[in-house]
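Me: I am new to this and would like to learn how to read a structure, one feature at a time. Could you walk me through it?

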Amino acid sequence: MRFLSLLLILAGSSFAQEVLAYPKVYWENSYKVWLAVAVVIYLVVAIPALYFMLKYRYRAGVHEEGEHIEGNTALEVVWTVIPIIIVLFLATYSFANFVKQRNAPEGAMEIKVVGFMWGWEFEYPNGKKVYAFFNPQSYTVPEEQKAYIPAGKPIKVILTSRDVIHSFFVLPAMVTEDAVPGRLTHLWFQINKPGEYYALCREFCGTWHSHMFAVLKVVPEAEFNAWLSTGTMQQQPVQQ
Ligand SMILES: [Cu+2]
């Protein structure tokens, strides 16, 4: 019981902190719980193993013929039931986190993202488009190539590709999904702190794979709405 309550405290501690991004936090919660269980099991196995190695090491003339042990029903029940409880807990807890990681919350804003060699097209609900990629001439990202994202709002990305398979990786949210030509895939994320973050291509897709990054400019919602309602639809810029 003390062990279980330790797990619950560990799991709870990450909710108490300020959450920078979703679904990162769900992944981290699963990771922390698995790590705690793994460390505890390691200690439960390794410490007695060391003790027995020393206690029952070979000494000339001591217990040389060994001892015969018939078995211990109580011990066998304990070492069957406890692992079953641990495994069921890990499975259900992780699956609950996975469901939250995978499915966008109700009311998420939908953005369509199309990967292409070598960049990303973002299409917002009102049709506004942003083309985001690396500029080898200037090493800077012009303002019109930044994909604005409202802070603290869940974003559902509907993803596809124009040419080959890419993978859209939202770095601060620790979430990635393949962009496959002819198919729609999805992921969701939410970034709570305004600032500039990166989304990258995470599937090696050819010569300028490394140029495929997008600056996500996370701004307060009012600023986002103002940005969204201004500016004309852009054409995809010609890349050198
Ligand atoms: Cu790519």
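Me: Are Tyr-124 and Phe-224 buried or exposed?

Reply: This is a predicted model, and in it both Tyr-124 and Phe-224 are buried. Trp-227 is buried as well, like Tyr-124.

Me: How many aromatic pairs does the whole structure hold, and how do I read one?

Reply: A search of the whole structure gives 15 aromatic pairs. To read one, look at the distance between ring centres and the angle between ring planes. For Tyr-124 and Phe-224 the centres are 6.0 Å apart and the planes meet at 50°, so this pair is tilted. Tyr-124 belongs to the loop between strand 3 (119-123) and strand 4 (129-132), while Phe-224 belongs to helix 4 (residues 221-228), so to speak a link between distant parts of the chain, 100 residues apart.

Me: What kind of pair do Tyr-124 and Trp-227 form?

Reply: That one is edge-to-face, with 5.0 Å from centre to centre and 75° between the planes. Here too distant parts of the chain are linked, with Trp-227 in helix 4 lying 103 residues from Tyr-124. Ring pairs join Tyr-124, Tyr-148, Phe-224 and Trp-227 into a cluster.

Me: Which charged residue sits over the ring of Trp-227?

Reply: Look for a charged end placed above the face of a ring. Lys-128 has its charged end over the ring of Trp-227, 3.9 Å from the centre.

Me: Which residues coordinate the copper ion?

Reply: For a metal site, list the donor atoms, then look at the angles. The copper ion is held by His-166 (ND1), Cys-201 (SG), Cys-205 (SG) and Met-212 (SD), at 2.0 to 2.5 Å. Along the sequence these donors follow the spacing H-x34-C-x3-C-x6-M. Both Cys-201 and Cys-205 are buried.

Me: Why is the arrangement around the copper ion called tetrahedral?

Reply: The 4 donor atoms subtend angles of 89 to 126°. Four donors count as tetrahedral if all angles lie between 85 and 135 degrees, so the arrangement around the copper ion is tetrahedral.

Me: How many residues lie between strand 7 and strand 8 in their hairpin?

Reply: There are 4 residues between them. Strand 7 (residues 166-170) and strand 8 (residues 175-179) pair in the antiparallel sense over 5 bridges, and Phe-168 stands opposite Glu-177 in strand 8.

Me: What should I notice about the backbone?

Reply: Most residues other than glycine have a negative phi, and most peptide bonds are trans. Met-174, in the loop between strand 7 and strand 8, has a positive phi of about 50° although it is not a glycine. A cis peptide bond joins Tyr-22 and Pro-23, with omega about 0°, and another cis bond joins Met-117 and Trp-118, with omega about 5°.

How values were computed:
Residues are numbered from 1 along each chain as its sequence is written. This is a predicted model: local features need pLDDT of at least 70, side-chain atom pairs count only at pLDDT 80 or more; totals for chains, interfaces and linings use all residues. Side-chain values use heavy atoms; hydrogens and water are left out. Rings of Phe, Tyr and Trp (its six-membered ring) pair if their centres lie within 6.5 Å; planes under 30 degrees apart count as stacked, over 60 as edge-to-face and the rest as tilted. Helices (H or I, at least four residues) and strands (E, at least two) are DSSP runs, numbered from the N terminus. Buried means under 20% relative accessible area, exposed over 50%, partly exposed in between (1.4 Å probe, protein chains only). A charge sits over a ring if NZ of Lys or CZ of Arg is within 6 Å of the ring centre and within 35 degrees of the ring normal. Donors are N, O and S atoms within 2.8 Å of the metal (3.2 Å for Na, K and Ca); water is not among the atoms, so sites may look incomplete. Four donors count as tetrahedral if all angles lie between 85 and 135 degrees; four count as square planar and six as octahedral if opposite donors are over 155 degrees apart and all others between 65 and 115; anything else is irregular. Two strands pair if DSSP finds at least two bridges between them.
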